[in-house]
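Please look over the model shown below before reading the comments. They are meant to be checked against the coordinates.

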Amino acid sequence: MKKIGLAASAAFLVLVTIVATRAGLEFSGGAQSAGPVPGTPTASATRVALPDSDVPAVDYTLDLETGLMTPLPEAIINSLGPAYVGMSTYDQTSSRYAVSPDGSRLAYIADDPVDQTTVQLFVAGIDGTEIRQLTRHPPICCPAAPDWSPDGTKVVFQSPQGIYIVEVASGSLTKVVPPDPNYVADKEPTFSPDGTRIIYTHDGVRAVPVSGGPSTLLFGGGIGGMSGASNASVSPDGTQVTMFGHIGGSCCYRVLGNIDGTELKPLGNVDGTGVGLWGSNASGTWSPDGDRIVSRADIDSIAVTDVATGQVEVVARGNGAIWLDDHTLLVEVS
């Protein structure tokens with residue numbers, strides 16, 4: 001596993017003129033088409049050389065207020081396993097961790113201790129205690145991208161077998177979206193803030209009831225002004241959304257806007273200058289207070305964007321990150 005550099009302070013800085021309107025809308029139905037207004041960055045990014053010393057070689061937490069970096073508990077790191085560390089069976093484009101709503105537990109992907117050619121879903125205390133395996137093969141091979149339900153009782157995940165919800169207490173499985181044999185696996189499932197639907201990527205951003213059934217296209221295919229959309233995450237209050245995709249005929253941007261498709265505006269690198277903002281770990285994109293989002297930036301970098309001002313600050317190098325609380329990130333180094 002390669003060692004990464006970190007900037008607890010900004011390594012890049014770009015200002016983007018964005019007003020993130022909180023419309024107070026309920027999360028319901030498909031988004032209506034509305035013309036997005038492309039933004040223009042007001043400053044270019046400045047790259048700063050950073051030392052590689054004193055950075056954990058394993059996944060760690062980063063306190064943005066103090067710069068303190070703390071490796072994840074040894075029990076969790078050790079449970080990841082050799083196949084996971086070598087990335088021989090893990091989909092590097094999929095998120096690995098999700099934190100429970102109360103911040104006390106992690107759901108994460110690690111090697112199956114019996115069959116180390118596959119990965120499975122585990123839960124553990126944030127302190128590394130009470131590690132428990134939730135899925136096994138058969139029937140599940142290679143889950144990814146977990147997300148907790150708002151009440152902390154369930155976890156949704158993607159797999160080649162479809163999108164499932166697992167009851168954390170009992171381990172019982174419910175298939176929400178069956179696999180499409182003619183399509184790449186449905187990706188990035190998350191619970192809607194009210195817990196009634198699953199938001200996921202399949203030829204656009206879709207929503208499906210937690211009990212399964214027909215899905216509704218929310219963004220993409222021209223809906224919401226998006227010709228393509230993926231990697232969506234809804235704000236904690238349900239009024240806003242950030243995603244990656246095509247706005248109009250242009251490709252590709254991370255955008256921010258209202259859940260009804262209005263006020264969609266690009267974030268970060270808009271005209272070839274500044275910081276390019278790409279995918280995020282959908283389950284942990286938004287800070288719990290809804291004020292900031294975290295996403296990958298350029299190559300092997302982690303950026304935090306202020307929703308109100310559009311200010312983008314690259315705070316670490318890594319493959320992904322999620323919010324643990326309003327000032328702490330869990331950074332994936334590989």
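1. Basis. This is a predicted model, in which local features need pLDDT of at least 70 and side-chain atom pairs count only at pLDDT 80 or more, while totals for chains, interfaces and linings use all residues. Residues are numbered from 1 along each chain as its sequence is written, and side-chain values use heavy atoms, with hydrogens and water left out.

2. Confidence. The mean pLDDT (the predictor's confidence in each residue, from 0 to 100) is 80 for the protein, with 78% of the residues at 70 or more. Residues 1-51 stay under 50. The model still has 154 contacts beyond four places in sequence for that stretch, a contact being heavy atoms within 4.5 Å. Residues 86-93 also stay under 50, with 18 such contacts.

3. Sheet with S2 and S24. Strands here are DSSP runs of E with at least two residues, and helices are runs of H or I with at least four, both numbered from the N terminus. Two strands pair if DSSP finds at least two bridges between them. The order S3-S2-S24-S23 describes an open, antiparallel sheet of four strands. Strand S3 (69-71) and strand S23 (320-325) each have a single partner strand, so one side of each lacks a neighbour in the sheet. Neighbouring strands are turned by 25° against each other on average, direction ignored; axes are lines fitted to C-alpha atoms, for helices over the stretch in contact, and angles run from 0 to 180 degrees between N-to-C directions. S2 and S24 run antiparallel and are joined by four bridges. Aspartate 63 has threonine 328 in S24 as its bridge partner.

4. Sheet S8 to S11. Four strands in the order S8-S9-S10-S11 form an open sheet with antiparallel pairing. From one strand to the next the twist averages 25°. Strand S10 (residues 163-167) pairs with S11 over four bridges in the antiparallel sense. Isoleucine 163 has valine 177 in S11 as its bridge partner.

5. Hairpin S21-S22. Strand S21 (residues 301-306) pairs with S22 over four bridges, antiparallel, and the bridge partner of valine 304 in S22 is glutamate 313. Five residues lie between the two strands of this hairpin, and glycine 310 in the turn has a positive phi of about 80°. Strand S22 (residues 312-316) has four of its five residues buried. Buried means under 20% relative accessible area, exposed over 50%, and partly exposed in between (1.4 Å probe, protein chains only).

6. Salt bridges. What is the number of salt bridges in the whole structure? The search finds three, each requiring a side-chain nitrogen of Lys or Arg within 4 Å of a carboxyl oxygen of Asp or Glu. Aspartate 59 and arginine 96 meet at 2.7 Å, N to O. They are 37 residues apart: aspartate 59 is in the loop between strand S1 (13-14) and strand S2 (60-63), and arginine 96 in the loop between helix H2 (82-86) and strand S4 (97-99). Both aspartate 59 and arginine 96 are buried. Arginine 96 also forms a salt bridge with glutamate 332, where the closest N and O atoms are 3.3 Å apart. Glutamate 332 is in strand S24 (residues 328-332), 236 residues from arginine 96, and both residues of this pair are buried. Glutamate 263 and lysine 265 form another salt bridge, at 3.8 Å, N to O. Glutamate 263 is partly exposed, at 38% relative accessible area, whereas lysine 265 is buried at 15%. Shared partners join Asp59, Arg96 and Glu332 into one network.

7. Cysteines. The whole structure has zero disulfides, taking a disulfide as a pair of cysteine sulfur atoms within 2.5 Å. Cysteine 141 is buried at 17% relative accessible area, and cysteine 142 is partly exposed at 23%.

8. Serine 215. This residue is in the loop between strand S14 (205-209) and strand S15 (216-219), and is partly exposed, with a relative accessible area of 30%. Beyond residues up to four places away in sequence, serine 215 touches Tyr200, Arg206, Ala207 and Val208. Serine 215 is 38 residues from valine 177 in sequence and 8.8 Å from valine 177 in space, C-alpha to C-alpha.
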